Amino acid sequence: RFFFFLMSNRARAWALEWQSLPADRRQFFQEVAARLAKSGLIDDRTYHLRKYEKCMVGSDIVTFLVEQGVSKEESDAITLGQQLLKFGFIHHVVDDHEFKNEKLFYRLKEHEPGWCSAFDLLCAAPDEDHMYSGWMKRGKLYFYVVSAEEEKMAEFSTDIGCVPLNVYDLKQHTSVALVSALPGMRTPFSLWRSLFCVKMFRFVFLMGLP
């Protein structure tokens, strides 16, 4: 059960792809993630005076996968890294990039204390309890996963976000209060558009979809 506003998203496609994988393939990705956790690649790093704890460098991951025989060559290792990110085992530290063979920082799921990815939320019940939408705020597109069962809405800066910027409790917000809580939605048009979307969310929660 999905509701799309403005555009579709990668997280939904990845969630559906993960569910279609056979058990042995899922086990393979879990084993690779476990090997990365013990690889010695994890360290605290700094970029532009900001410290990023317990992360790995993309190019180091590629080298490790090839040297350990997990991947035959560099291109295979890059593809595997991309799959690890797709399926929620690693993510870019600020969710700005998919996996690349570059000096970009990536963190394992187990080392991300605030992990609550759009991918994981959609995997939980992709055809039943979660909806996905995108809203414009301050000229930027933000993404939201809404759980009908938990009556919560998680806000992400990208469609593959792993750590929500905010989590809104829909049981405690009226439509107007929720819109007021979303920064950047100040013009009459965006206010009414947002109010309309929230009302649609709450209607679906109560009524359900076929």
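User: Is Arg107 buried or exposed in this model?
Analyst: This is a predicted model, in which local features need pLDDT of at least 70 and side-chain atom pairs count only at pLDDT 80 or more, while totals for chains, interfaces and linings use all residues. Residues are numbered from 1 along each chain as its sequence is written, and side-chain values use heavy atoms, with hydrogens and water left out. Burial is judged by relative accessible area, where buried means under 20%, exposed over 50% and partly exposed in between (1.4 Å probe, protein chains only). Because Arg107 has a relative accessibility of 10%, Arg107 counts as buried.

User: Which residue forms a salt bridge with Arg107?
Analyst: A salt bridge here is a side-chain nitrogen of Lys or Arg within 4 Å of a carboxyl oxygen of Asp or Glu. The closest N and O atoms of the pair that includes Arg107 are 2.7 Å apart, and the partner also counts as buried, at 13% relative accessibility. That partner is Glu112.

User: How many residues apart are Glu17 and Lys86?
Analyst: The side chains of Glu17 and Lys86 meet in a salt bridge, at 2.9 Å from N to O. This pair links distant parts of the chain, with Glu17 in helix 1 (residues 10-20) and Lys86 in helix 4 (residues 74-86), helices being DSSP runs of H or I with at least four residues, numbered from the N terminus. The separation is 69 residues.

User: What is the relative accessible area of Lys51?
Analyst: Lys51 meets Asp44 in a salt bridge of 3.7 Å, N to O, and Asp44 is partly exposed at 36% relative accessibility. Lys51 itself is exposed, with a relative accessible area of 51%.

Technical notes. Helix = DSSP H or I, 4+ residues; strand = E, 2+ residues; numbered from the N terminus.
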